[in-house]
Amino acid sequence: MNLEHIQKIIEEAGHIRVSATREEYETAEYLVRECEAMSIPARIEAFPVPVTEIHEAHLWADGTEIPCTGYELCGSGTVEAPLVYLPAVDAVGLTKVKDRIVLLDTRITTFDYQDMLDAGALGFITYDGDVKWPDRDIDLKELRSFTALGRKVLCVNVNAKDAVELVKALPVVKISIEQTESEGASHNVIAEIPGKTDEWIILSAHYDSRPTSPGVYDNLTGCIGILSILEELKKTAPNRYGIRACFVGSEERGLLGSKAYVRDHEQELAKAVLNINIDMIGAIMGRLVGACSCEQSAVELIRAYALEQGVSIRVMQRTMSSDSSAFADKGVPAISFGKMAPHSQAVIHCRYDTKDVVSAKQIQEDAAFITGFASRLANAAVLPISRKIPDNIKKSLDEYFFRVRKSEQA
Ligand SMILES: [Zn+2]
């Protein structure tokens with residue numbers, strides 16, 4: 001894709017695109033138009049997602065109000081208790097949470113949440129942002145259904161600067177939230193280039209963003225990457241394999257779009273030979289990574305290709321916290337590409353994920369590498385990656401989707 005086109009997409013779509021909002025839907029329509037402009041048919045598929053209207057959310061520390069956002073889907077009501085700070089949800093930590101509201105350094109995950117409730121925790125405070133950043137933004141979070149498992153307690157999110165003060169003071173805190181829940185819709189965009197066989201390679205990239213983030217790096221760049229692959233593969237169509245591109249909504253809420261896709265298209269997945277996912281490329285600094293949720297030979301394949309192309313990339317056999325995991329979990333070998341920028345250069349899920357941290361030239365270069373790789377596979381006489389998910393990847397997926405606890409690490 002030429003630089004002007006990349007720049008144009010960044011200018012036109014590099015804005016906040018939150019799950020189930022008008023902005024997300026308009027971006028879906030935008031991606032359809034981008035595909036149609038290349039004479040590639042595309043359609044929008046809706047899937048249901050829970051939506052929330054937060055009427056009020058308050059946090060008081062010894063009577064002083066602290067700015068916060070209430071977690072969506074955590075219920076309504078009021079709770080008051082002394083605060084405890086838990087740097088780790090381990091055996092020691094769990095002895096300290098009874099009848100306390102708990103402040104955590106991490107996001108709230110399924111087993112930790114259930115363990116803390118079992119141990120008597122009454123509510124949770126999380127934080128994000130950075131004590132060194134000038135803003136006081138507070139991300140809007142949700143208590144995911146696969147975390148709550150039907151047990152809701154009040155949770156709020158605060159800015160990192162206030163979290164520090166809360167830990168210093170360990171006050172009695174009071175949380176009060178009023179919200180209503182209903183069902184909304186988010187959308188996937190599906191574009192197809194038929195091949196010579198009835199088997200498909202699925203390309204994927206999420207296009208939604210977090211509530212405070214313009215989401216240029218995460219993950220408008222991935223969408224541009226997929227559009228770039230489509231542009232090239234359209235020129236050589238029909239390729240041996242058909243190409244189905246999924247621009248996925250609601251990834252930031254726990255892969256809701258790709259989970260909906262694999263659920264709604266379960267039958268067709270038997271004909272899906274590979275998923276190539278892109279989550280974040282084009283950062284001005286940083287190194288490409290490839291995560292192969294498939295057999296080890298894919299790692300060697302990418303390494304060899306990168307050597308030929310003179311591209312430095314770190315490739316591993318592992319799962320990625322992105323839509324590739326939804327496909328791998330349904331038995332589709334998946335490879336996720338991304339470019340990890342140094343934290344000092346580019347951060348995500350906040351207001352600083354803007355066009356300033358990426359360059360059209362770097363997006364073009366990263367996309368060209370992935371396009372070359374995808375193009376080879378799309379025209380391979382025999383796909384050099386077998387349709388098999390190895391046991392170590394299955395185990396990692398079980399952990400990622402909270403079906404089993406992570407094995408104890410030292
Ligand atoms: Zn992402």
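This is a conversation about how the features of a predicted model are named and judged.

Colleague: What makes the chain as compact as a globular protein of its length?

Modeller: The secondary structure comes to twelve helices and 14 strands. The radius of gyration is 22 Å, and the globule rule gives 22 Å for 410 residues, so the chain is as compact as a globular protein of that length. Along the principal axes, the C-alpha atoms fill a box of roughly 65 × 45 × 40 Å.

Colleague: How much of the chain counts as buried?

Modeller: Of the 410 residues, 47% count as buried.

Colleague: And what share of the contacts joins residues 24 or more positions apart?

Modeller: Among contacts with a separation of 6 or more, that share is 80%.

Colleague: Which domains is the chain divided into?

Modeller: Domain 1 covers 3-50 + 185-400, and domain 2 covers 61-181. Their C-alpha centres lie 33 Å apart. Nine residues from domain 1 and ten residues from domain 2 make the contact. On the domain 1 side, the residues that touch domain 2 divide into three nonpolar, three polar and three charged.

Colleague: Turn to Val156. Why is Val156 called buried?

Modeller: Count the neighbours. Val156 has 26 other C-beta atoms within 10 Å. The cut-off for buried is 20 or more, so Val156 is buried.

Colleague: Where does Val156 lie, and what does Val156 touch?

Modeller: Val156 lies in strand 7, residues 154-159. Leaving out residues up to four places away in sequence, Val156 touches Ala57, Leu59, Cys68, Thr69, Gly70, Tyr71, Ile125 and Ile175.

Colleague: How far is Val156 from Ala191?

Modeller: They are 35 residues apart in sequence. In space they are 39 Å apart, C-alpha to C-alpha.

Colleague: Now Ser39. Why is Ser39 called exposed?

Modeller: Ser39 has 9 other C-beta atoms within 10 Å. Exposed calls for 12 or fewer, so Ser39 is exposed. Ser39 lies in the loop between helix 2 (22-37) and strand 1 (42-61). Phi of Ser39 is near 60°, a positive value in a residue other than glycine.

Colleague: How far is Ser39 from Ile193?

Modeller: Their C-alpha atoms are separated by 9.6 Å, with the two residues 154 apart along the chain.

Colleague: Met280 has a positive phi too. Is Met280 buried or exposed?

Modeller: Met280 has 30 other C-beta atoms within 10 Å. Buried needs 20 or more, so Met280 is buried. Phi of Met280 is about 80°, although Met280 is not a glycine. Met280 sits in the loop between strand 11 (272-278) and strand 12 (287-293).

Colleague: Which residues of helix 4 are buried?

Modeller: In helix 4, residues 110-118, Asp112, Tyr113 and Met116 are buried.

Colleague: How do you know that they are on the same side of helix 4?

Modeller: They cover an arc of only 100° around the axis, which puts them on the same side of helix 4. An α-helix has 3.6 residues a turn, so residues three or four places apart point the same way.

Colleague: What covers the buried residues of helix 4, and what follows the helix?

Modeller: The cover includes helix 3 (91-94), strand 5 (101-104) and helix 5 (145-148). Gly120 follows helix 4, with a positive phi near 100°.

Colleague: Which residues touch the most other members of the largest nonpolar core?

Modeller: Ile201, Ile226, Leu230 and Phe247 do, in a core of 83 residues. Helix 7, residues 216-235, gives the largest share of this core, ten residues. Leaving out residues up to four places away in sequence, Ile226 touches Leu203, Ala205, Ala245, Phe247 and Ile278. A second, separate core has 34 residues, including Ala57, Leu104, Leu122 and Ala163.

Colleague: Which residues does a cis peptide bond join, with omega about 10°?

Modeller: That bond joins Asp218 and Asn219. Asn219 is found in helix 7. The peptide bond from Ala237 to Pro238 is also cis, with omega near 0°. Pro238 lies in the loop between helix 7 and strand 10 (242-248).

Note on methods: Residues are numbered from 1 along each chain as its sequence is written. This is a predicted model: local features need pLDDT of at least 70, side-chain atom pairs count only at pLDDT 80 or more; totals for chains, interfaces and linings use all residues. Helices (H or I, at least four residues) and strands (E, at least two) are DSSP runs, numbered from the N terminus. Two residues are in contact if their C-beta atoms, placed from the backbone, lie within 7 Å. Domain bounds come from an automatic or database domain assignment. Ala, Val, Leu, Ile, Met, Phe, Trp, Tyr, Cys and Pro count as nonpolar, Asp, Glu, Lys and Arg as charged, and the others, Gly among them, as polar. The arc is that of the directions from the helix axis to the C-beta atoms. The radius of gyration is taken over C-alpha atoms; the globule rule is 2.2 Å times the number of residues to the power 0.38. A nonpolar core is a set of buried Ala, Val, Leu, Ile, Met, Phe, Trp, Tyr and Cys residues joined through C-beta atoms within 7 Å.
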